[in-house]
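This report describes the sheet and the helix packing in a single structure. The sequence and the model are shown first.

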Amino acid sequence: MSFREKPTPGRLLLDDTVPLTAVIEASQNLQSHTEYIVRVQRGVSSENSWQVIRRYSDFDVLNSSLMVCGISLPLPPKKLIGNMDREFIAERQRGLQAFLDSITQHPLLSSSLMVKKFLDPNNYSANYTEIALQQVSMFFRSDLKWEVLEPLKDNGWRIRKKYFLIKNKEQPKERYLLSWVDLGPDKFLSDKDLQSAMKLLTSLSTPYVCPLLFSSTSESSALLIRPFSERGSLRDHICKVKPRESYLKKYCNPKKSQGLQLQHVKLYGRQILEGLKLLHDGGVFFGHLHASNVIVDDGVCRLADVENGVLGVPSALRPAFTQLRKINTTESIDVFCFGRLLYEMVYGRPPDAVPVDQYPDDPDAAVVSVLQSILSTEACKSGMPSVSQLIRTPLFSDVQLQHSEKLQIKVPSRLREALRTAKESLERRLQEEQRMIHQHRRLTRAQSHHGSEGERKKRKSLARKKSRQSAYENEEDVSVRNNNNSGSGASSPPTCPSSPTPPSTTGRPCLSVCLPRWAFWCLRSHLDYGIVTVGPELCFHLRRLSLCPSVPPLSPCDDLFHFSSRLDGNTAVFIQVIFG
């Protein structure tokens, strides 16, 4: 069944996980207030950037909307008197830049709709809650047994996904979770294959995957219904928070988070690995494993939102694994995500960054061994274990499971082939993004090294050395040539045997300079960029001074580029500028 046939006109398949960076370029005073010009960039490409203009009051409103997170953000204080002073504006601009940096570098705050609207209003101006309500209303008109109880606001981090608590009129005491989600940029299945994949996941019955009761897809979005868990997710359990609260309030700065006991770490970890293995063996790619996508019910962990992979929505951890080029397959993504989840189960919080080589308060040697095999610097460079290899490690191999029977997903051959092709397309997009990030990182390091104080001093010293050496060699050449010409009783400008006579300078002011080749190239670059204009009133007479003078002088109408291309690395150039 399709609850909607036509996609939203002009819909953009933006990847909301691509980080935004913001730099305040300048400020301008307009009447009684100051505006700050902010340059925003998406990803590593400077071409994908734009400007937004914000007042201090806009920053203040953003800060107020983020106070629910429980983090004290470094917003500069208000000032009523003297707020137009130049020094004060410069100081405030530095403070606002620190405020932006603290937001854009925080994994949860940077992905929030408030921050996206502040930095990118053109792409995030839509009312996604209203759009979701329209789609849900259309669905309920076609299926009257469902009833909306309440919308669950800010229940998850994903901007284009909205949640509603609903009930079945035939079973009024049962509660279900309805979610509406926009399809993402990694959706590579055709509409027909997508519907087949969703039908497969809806019919899936396994202890380690959260059941999906109903699904309906259109060309642009999907509507899903699954059982509602009053106990919340594994992250709710770790952070000891109420499941229905805002995700920013729950997870940005949890006060009571605590790691799990070792026996639960082993049991939950093994169950999660069994769920991943089941999906991989069936050819279904996931890529969205984290503590909020794991439901714990009666001591059993179940993977939730397993449909995210085929719906093409980007992973919450994509900004992390795009930095690591060895994580370039769907299985390695799931293994990487499992490593971060295992760390969170052990220490009560996810790692601040990956790679991780130091582990506080080692709880168990087997746990640390598994973490090192996934999150260490060596693992991120050389590769990670497979899901099957993790199951066979000492940490998980001796775990007794309630469901010991072999689990499998029966996937039709046509759908399996479509899933394989879509998985390859997803991996190619990931690898291309990793390549761009890697090139940008190398370029940034090179520019930083080239612009360092030590490198600048080194280049200046080398330039002075070359200049002194060239001047010394030129003086020797000129002296030898003058001695050779002394028999005629008159001196003349140095010439080549095959060169024409230099233009006469009688009665005209002139300037003669002897330059090494590197300095001549600098002069040529200025001419190329139009800094110096060569016209009839300014002619150059250039002559190569060397023991083998084979390059003729440059006539007033000659081309500097072709002339310089004929010079070898030891060439010195004599420039005589004649002002006409």
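Two strands are taken to pair if DSSP finds at least two bridges between them. The model is predicted, and in it five strands form an open sheet with the order β4-β5-β6-β8-β7 and antiparallel pairing. Strands β4 (146-152) and β7 (214-217) are the edge strands, since each pairs on one side only. From one strand to the next, the twist averages 25°.

Within this sheet, strand β6 (residues 171-182) is joined to strand β8 (residues 221-227) by seven bridges in the antiparallel sense. In this pairing, Leu177 stands opposite Arg226 of β8. Helix α5 (residues 191-202) packs on the sheet and touches β7 and β8. The direction of α5 makes about 175° with that of β7.

A separate contact involves two helices, α11 (residues 330-347) and α12 (residues 365-375). Their axes come within 9 Å and cross at roughly 145°. The crossing in which α11 passes α12 is left-handed. The residues that make the contact are listed below by helix.

| Helix | Residues in the contact |
|---|---|
| α11 | Val335, Phe336, Phe338, Gly339, Arg340, Leu342, Tyr343, Val346, Tyr347 |
| α12 | Val367, Val370, Leu371, Ile374, Leu375 |

By class, the contact of α11 with α12 comprises 12 nonpolar residues, one polar residue and one charged residue.

Terms used. Residues numbered from 1 in each chain as written. Predicted model: local features only at pLDDT ≥ 70, side-chain atom pairs only at ≥ 80, totals over all residues. Heavy atoms only, no water. Axes fitted to C-alpha atoms, helices over the stretch in contact; angles between N-to-C directions. Helix = DSSP H or I, 4+ residues; strand = E, 2+ residues; numbered from the N terminus. Left-handed = near helix turned anticlockwise from the far one by under 90°. Contact = heavy atoms within 4.5 Å. Nonpolar A, V, L, I, M, F, W, Y, C, P; charged D, E, K, R; others polar.
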